[in-house]
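Here is a short report on side-chain packing.

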Amino acid sequence: MSSRRPRSWQSSSASRITDEQINDLVSKLQAVLPEARIRRSDRVSAAKVLQETCNYIRSLHREVDDLSERLSELLASTESSSAQAAIIRSLLM
Amino acid sequence: MLSRTHFIYISACVAAFSPSCLLSFSVAAMQVTEAFKHAFLKQMLLGFQASAVSTNSMGFQERKNAIKLSADVAMAVARGSRKWTRGLIAGLSEEQQNRSFLQLILGEQYERRLMKPCYSSWKIPRCRKIVRRSLRVCCRRQKKKKNQSGVLARTLVEKRTQQLKRLVPGGESMDGFSLLDETLDYVLSLRAQVDLMQSLLTTVESSKLRSHSKRTLPERKASYVGK
């Protein structure tokens, strides 16, 4: 989308020409946030959307970290004899 | 490198995947397609192979970091070419320890990415641009002192934008519009990453349970017969 705009427009973050598109993106971002279903009707401020987005990204990072830990534990406790465990090991080796 | 059994395993993970983020906006927006899921899981398994994650000799933290690295690379590769994916790979390659892994996993793709202009070399001119821009904004704010709430709102947006720039990979060099666009894409990709890792975890857990129960079943039978 932004590639259609001239370079000079790209460098100015709040130009009048792209205001509508910015608002469009902000509302799309709002729709993606976890509480979107509750608050979709309200017109939430841009600052609030940005803040919620930051919080959401941080929580997703934490989830990835947690899942990495759980996978690490799971792959550590390898049981040798059964065929299933052997398949998993060979797949993940 | 991956055998048929690998792909059967991948299919199992895809089947276990619960589509919590199958939202579609415009054509240009990120969609969690089957192709994405396959690419992600395949790349994850390749990553596990490359870092030999299943070997017992690895410590917990080392294994966890290898898994996380695999997951991030998998997400970037599955998504394709975006500003944030390039920023992510660039960020990862800044650390010496990751480079051999990235070289192994991405192969010639990695060489091509390295050929692209490195953001870090733009740091100095960018700083001047930012300083000049913020000075302009400050002057503008001083002129508009009457509109207090407007200034406050704009300052808050500025503050949040700065925070967002640090969270989205490659965000530091993005202008406002790109940042929002990339953020939307990045958030959807992150959600997909979480869901896919969860399904991978579930699949491995359940197959372990199955293997465990298979082993204990004969013992249970014997005790039942005994009764």
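## Packing in the predicted model

B:Ser70 counts as buried, because its relative accessibility is 1%, under the 20% cut-off. This is a predicted model. B:Ser70 sits in helix 3 of chain B. Leaving aside residues up to four places away in sequence, B:Ser70 touches B:Met44, B:Gly47, B:Phe48, B:Ser51 and B:Phe101.

Next, the cores. The largest nonpolar core has 54 residues. Those with the most contacts inside it are A:Ile57, B:Phe40, B:Met44, B:Phe48 and B:Met197. Both chains supply elements that give two or more residues: helix 2 (19–32) and helix 4 (46–76) of chain A, plus helix 2 (34–50), helix 3 (60–79), helix 8 (148–167) and helix 9 (176–226) of chain B. Helix 9 of chain B provides the largest share, 15 residues.

B:Phe40 has contacts with B:Ala71, B:Ala74, B:Met75, B:Ala78, B:Gln193, B:Leu196 and B:Met197, again without residues up to four places away in sequence. A second, separate core has 13 residues, including B:Leu46, B:Val77, B:Leu88 and B:Leu102.

Now the aromatic rings. One aromatic pair is found over all chains. The ring centres of B:Trp84 and B:Tyr186 are 5.0 Å apart and the planes lie at 55°, so the pair is tilted. The pair links distant parts of the chain, 102 residues apart: B:Trp84 is in helix 4 (residues 83–93) of chain B and B:Tyr186 is in helix 9 of chain B.

| Residue | Relative accessibility | State |
|---|---|---|
| B:Trp84 | 0% | buried |
| B:Tyr186 | 4% | buried |

Key:
Residues are numbered from 1 along each chain as its sequence is written. Chains are lettered from A and ligands numbered from 1 in the order in which they are written. This is a predicted model: local features need pLDDT of at least 70, side-chain atom pairs count only at pLDDT 80 or more; totals for chains, interfaces and linings use all residues. Side-chain values use heavy atoms; hydrogens and water are left out. A nonpolar core is a set of buried Ala, Val, Leu, Ile, Met, Phe, Trp, Tyr and Cys residues joined through side-chain atoms within 4.5 Å. Buried means under 20% relative accessible area, exposed over 50%, partly exposed in between (1.4 Å probe, protein chains only). Helices (H or I, at least four residues) and strands (E, at least two) are DSSP runs, numbered from the N terminus. Contact means heavy atoms within 4.5 Å. Rings of Phe, Tyr and Trp (its six-membered ring) pair if their centres lie within 6.5 Å; planes under 30 degrees apart count as stacked, over 60 as edge-to-face and the rest as tilted.
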